[in-house]
Amino acid sequence: MSKTQSALKKAQESTQTADEQELPMKVDVKISSIRPEGSVRAYASVNLNDCFAIRNVKVVDSSKGLFIAMPSYKAGNGEYKDICFPVTKEFREQLNNAVIEAYNQALTQSRQQKAADTPSFDQALEQRSGMQMG
């Protein structure tokens, strides 16, 4: 084997090992709206590694539990096609878990905020029992 062929083979091997190595994916999720009714429970925005954004990811409630639906369009034959989607099973699970975890956190915060904004029964009685002038 010549020196050129040997160098080329080493370069290809190093490229293959670099391609095979998985980079850690940073997934940041922001829940934009929570809906108590219907099968679509929320919409989310996802940022991947601070360099790629996905908007309108749906959190959907089904008989099997919560899952995410990627943004899609309706094809001519009536089928819905995802515009972007995870390629590997592992990343699909990571993305699904990140979005559902963010949804659950947002739902908990929303309930806590609602509870803090709603006066208790005793507070409501105190507010009513004040002197009223008529």
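**Strands and hairpins in a predicted model**

Me: How many helices and strands does the secondary structure of the protein chain come to?
Reply: This is a predicted model. Its protein chain has secondary structure of both kinds, and the tally is three helices and six strands.

Me: Do strand 1 and strand 2 run parallel or antiparallel?
Reply: Strand 1 spans residues 27-34, and strand 2 spans residues 40-48. Seven bridges join them. Their sense is antiparallel.

Me: Which residue in the hairpin of strand 1 and strand 2 takes a positive phi?
Reply: Five residues lie between these strands. The positive phi is near 85 degrees, and it belongs to glycine 38.

Me: Which residue in strand 3 is the bridge partner of alanine 42?
Reply: Alanine 42 sits in strand 2, opposite isoleucine 34. Strand 2 also pairs with strand 3, residues 52-62, over seven antiparallel bridges. On the strand 3 side, the partner of alanine 42 is valine 59.

Me: What is the phi of asparagine 49 in the turn?
Reply: Strand 2 and strand 3 form a hairpin with three residues between them. Asparagine 49 lies in that turn. Its phi is positive, about 50 degrees.

Me: What share of the residues of the protein chain counts as buried?
Reply: Buried here means under 20% relative accessible area. The protein chain has 134 residues, and the share that counts as buried is 19%.

Technical notes. Residues numbered from 1 in each chain as written. Predicted model: local features only at pLDDT ≥ 70, side-chain atom pairs only at ≥ 80, totals over all residues. Heavy atoms only, no water. Helix = DSSP H or I, 4+ residues; strand = E, 2+ residues; numbered from the N terminus. Buried < 20%, exposed > 50% of the residue type's maximum accessible area, 1.4 Å probe, protein only. Pairing = 2+ DSSP bridges.
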